[in-house]
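Work through the exercises below with the sequence and the model in view. Each task is followed by a solution in steps.

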Amino acid sequence: MPVIVNPEACQDERGALLAYLDAQRGAIRRSVYGLTEEQARTVPSASVLSLAGVLKHVVTGERGWLRVLQGKVGDPKDQMAEWEHTFEPTEDETVEALLALYDEVARETEEAVRALSSLDETFEALRLPWDEGGTRTWRWAVLHLVEEVARHAGHADIIRETIDGKGAFDLVFETGAMPEPDWSVLER
């Protein structure tokens with residue numbers, strides 16, 4: 001999905017990283033725009049993913065990293081159990097509820113990153129099936145979040161187009177994330 005990044009937010013490294021992370025979050029949010037709960041939960045492609053599942057996964061993933069970064073790590077087995085179901089929203093985990101939680105998690109992430117004295121501060125990542133663990137910087141963590149959300153924004157784009165034919169640009173313009181450009185300039 002195309003992302004809209006405010007150039008004014010990119011005056012320093014921290015601002016740029018947070019702006020790009022938020023732009024990717026916006027792509028995920030737009031993917032469910034205007035859909036019914038049923039549509040957001042459908043699995044319309046060869047993948048096992050639904051838009052609601054992708055939304056839950058990115059929320060759970062960012063919240064999980066935030067816990068690690070804040071030193072609030074629980075039992076790795078509990079983390080693994082939570083991760084195994086991140087693509088499967090429960091009945092209570094509606095799109096509306098997940099979007100509200102995503103806003104909260106995004107705010108907490110931004111506050112945590114802005115409170116750092118430096119992106120060079122480190123934390124210990126747990127060894128998990130998808131990560132060897134070890135010492136990491138917050139810079140690494142925020143870049144990883146950008147990468148992870150961007151990967152899933154691409155999944156969401158394909159799923160959304162499969163549901164109703166709306167592509168990323170359609171959703172950007174429809175949601176007002178940016179005005180539709182004057183395409184006639186290309187005809188000259």
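Predicted model: local features only at pLDDT ≥ 70, side-chain atom pairs only at ≥ 80, totals over all residues.

**Exercise 1.** Classify the ring pair of W65 and W140, and state which parts of the chain the pair ties together.

Solution. Step one: the ring centres of W65 and W140 are 5.4 Å apart, and the planes stand at 65°. Step two: pairing needs centres within 6.5 Å, and planes over 60 degrees apart count as edge-to-face. The pair is therefore edge-to-face. Step three: W65 lies in helix α3 and W140 in helix α6, so the pair ties together parts that are 75 residues apart in sequence.

**Exercise 2.** Describe the surroundings of W140: how accessible is W140, and which charged end sits over its ring?

Solution. W140 has a relative accessible area of 30% and is partly exposed. The charged end of R136 sits over the ring of W140, 4.7 Å from the ring centre.

**Exercise 3.** Which residues of the lining lie nearest the centre of the largest pocket, and how many residues line it?

Solution. The lining has 18 residues, and G61, W65, W83, L128 and W130 lie nearest the centre. Helix α3 gives the largest share of the lining, 6 residues. By type, the lining divides into 8 nonpolar, 7 polar and 3 charged residues.

**Exercise 4.** Check the span of helix α1, residues 13–31.

Solution. At 1.5 Å a residue, the 19 residues should span 27 Å. The end C-alpha atoms are 28 Å apart, which agrees.

Conventions: Residues numbered from 1 in each chain as written. Heavy atoms only, no water. Helix = DSSP H or I, 4+ residues; strand = E, 2+ residues; numbered from the N terminus. Expected span 1.5 Å × (residues − 1). 1 Å grid on protein atoms, 1.4 Å probe; cavity = no way out; pocket = protein on both sides within 12 Å on 5 of 7 lines; lining within 4 Å. Nonpolar A, V, L, I, M, F, W, Y, C, P; charged D, E, K, R; others polar. Phe/Tyr/Trp six-rings, centres within 6.5 Å; stacked < 30°, edge-to-face > 60°. Buried < 20%, exposed > 50% of the residue type's maximum accessible area, 1.4 Å probe, protein only. Lys NZ or Arg CZ within 6 Å of the ring centre and 35° of its normal.
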